[in-house]
Structures are given as C-alpha cells and as structure tokens.
Amino acid sequence: MIDPDSRYTPVLNCVPSRNTQADWTWQVALDSGAVPAVSSRHLPDSVDLRDDRWPVSCQGTSGACVGFATADGVLRYHFARKAMIDIAVRLSPRFIWMADKETDELTSYPTTFIEAEGAQPKRALEIARQYGCALDDDLPMDGPLWEGTAEAFYAKAARFRIASFHNLGVSPAVWRKWLATNGPILTRLDADDSWMGAGADGELERHDPRSVKGGHAVCVVGYRRDGSFIVRNSWGPGWGDQGFAYASADYVRSAFREGYGVVV
C-alpha cells in the first residue's frame, strides 16, 4: 500500500503507444518461429519467473516506470536467461526512460527533462531494438551522466539489443502462452484506487475505472493456478506482496491497455 505520508508519491505518466496497428503480433511471432506454438491444454498450471536475486526496485519520485518495467524487468530477465549478464546485474532504467522521451513524436518542445511528460511502452522497446540498453553502472538513476564518448556508450549498449517485440494485446490466454514459452510481458495499465492501495496480500480482484489516477507501466512475470497474473511493480517492496501483485483475469481485462513480449 502506498502511504500518503511516505517520502514519495509515484508519478503516473505512462501514455498510450502510438501506431500500434503496425505492430508485429503474437501470430507473427508464431509464424516466424520466433516462439514455439503451444496448445492451452499443454500449458503448465502456473508459471512464476521471479528470482530472489532479482528484487523489486523503487522508482522513487521519478516518472521512470517505463524504464523500470523494460530495463529492470523484461530485458534483465531475458539477458540473464541468455547468460549475457547475471540476474543480479541491473540494466539502466534511466537510459530507456530518457531515450523514450527524447526520441518520441513530440518535437514541438523538449520533454526529456520534464518529469510529468509521459513515455510509451512501444517506444521503449523500439529503443531496445535499435540501440540496446545501458548497464545501470554506466547510467544510474541517481548518479552522473556517462563521461566517455558516445561511440563507447552505444557500443556497450548494443550488446543488449533485442531482436523483435510483439504486440500481445490484452488476452489472458495469449499472455499465459507467452509467459510459459518465452518470458515476461511489458504492460501499461490504468492505475485505480485498488492498485494504489494494494495490500500485503497483493490481490487485485476488481478494477474501478472511475478511480483511475493515471497510466503506469509494469512487468508481468507469471500466472497462478487460480488464473491471476503475477505483476512486478517498481514502487519498492513496501507495495503489495513485497512489490508484487496478483491481478485477476477480470482486473487485467479492465485495467490493462497494452501487452508486449520481446524476443532476444
């Protein structure tokens, strides 16, 4: 639960991704062989991708949810699974977040340094596909900018490029297949009162559209036998169940607006 008297208030500034009609879909991932076909009958009863050495981070007063969900969530898992980094090594949320805003379609005025200006999940994945991702040691959230050359920075980041990303929509059935065969999902949701006040059990049953506070990016890291999805937030371990929530399929259908999976 977020304490109104705590040292920070989360910034809810994740905005809808643009031009999603041109996205590669779940079916494209299947047809290309990027992910294996699997029948719903053959899925495991539950999938849990969490790891004790992959603790939930805290974005603090920043609006960097897209950066955390992408770099510290989806990308960190995949590159660790590929043995390119240890799961305990952090990728840079700051890089994805700031690059997202710097390269978006809004060009009438600069927004990179405006906290309240939003970022898009799809744009974050386009950054990861084109440029890769920096290590957190090279561009930490609370630290100096990179002091080397641009060439050296992007050469290091290029090691962590993704091959493709796919629009999974908001289909619980597709999400379960992706989680079981490929990995986490980057999502955007409308955060309502139940999300803001998630208790220690982390259970999210019903979404209230009337109480939505804003858009938020998170990472889905599994599903349970009861059909609910395991959601990894970036508000520290004091929110929900040590930083995680369990969103029912009904909650997902009402609250979540986008879902993207990546192929590395």
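Start at Cys-58, which is partly exposed at a relative accessible area of 31% (under 20% is buried, over 50% exposed, partly exposed in between; 1.4 Å probe, protein chains only). The model is predicted, so local features need pLDDT of at least 70 and side-chain atom pairs 80 or more, while totals for chains, interfaces and linings use all residues. Numbering runs from 1 along each chain as its sequence is written, and side-chain values use heavy atoms, without hydrogens or water.

For Cys-58, the nearest cysteine sulfur belongs to Cys-65, and that is 12 Å away. Cys-219 is in no disulfide either, with the sulfur of Cys-65 again the nearest, at 12 Å.

Next, find Lys-122 in helix H4, residues 121–130 (helices are DSSP runs of H or I, at least four residues, and strands of E, at least two, numbered from the N terminus). This lysine is buried, with a relative accessible area of 7%. What does Lys-122 touch, beyond its neighbours within four places in sequence? Its contacts (heavy atoms within 4.5 Å) are Ser-17, Arg-18, Asn-19, Thr-20, Asp-23, Phe-165 and Tyr-260. Ser-17 lies 105 residues from Lys-122 along the chain, yet their C-alpha atoms are 5.5 Å apart.

Now for the helix packing. H2 (residues 65–81) meets H3 (residues 93–102) at about 135°, axes 7 Å apart (axes are lines fitted to C-alpha atoms over the stretch in contact; angles run from 0 to 180 degrees between N-to-C directions). The crossing is right-handed (near helix turned clockwise from the far one by less than a right angle; anticlockwise is left-handed). From H2 come Val-66, Gly-67, Phe-68, Thr-70, Ala-71, Asp-72 and Leu-75, facing Pro-93, Ile-96, Trp-97 and Asp-100 of H3. That contact has seven nonpolar, two polar and two charged residues (Ala, Val, Leu, Ile, Met, Phe, Trp, Tyr, Cys and Pro are nonpolar, Asp, Glu, Lys and Arg charged, the others, including Gly, polar).

H2 also packs on H4, with axes coming within 10 Å and crossing at roughly 50°, which makes H2 oblique to H4. This crossing is right-handed too. Val-66, Thr-70 and Leu-75 of H2 meet Pro-121, Ala-124, Leu-125 and Ala-128 of H4, giving six nonpolar, one polar and no charged residues.

Notes. Disulfide = S-S within 2.5 Å. Parallel < 35°, antiparallel > 145°, perpendicular 65-115°, else oblique.
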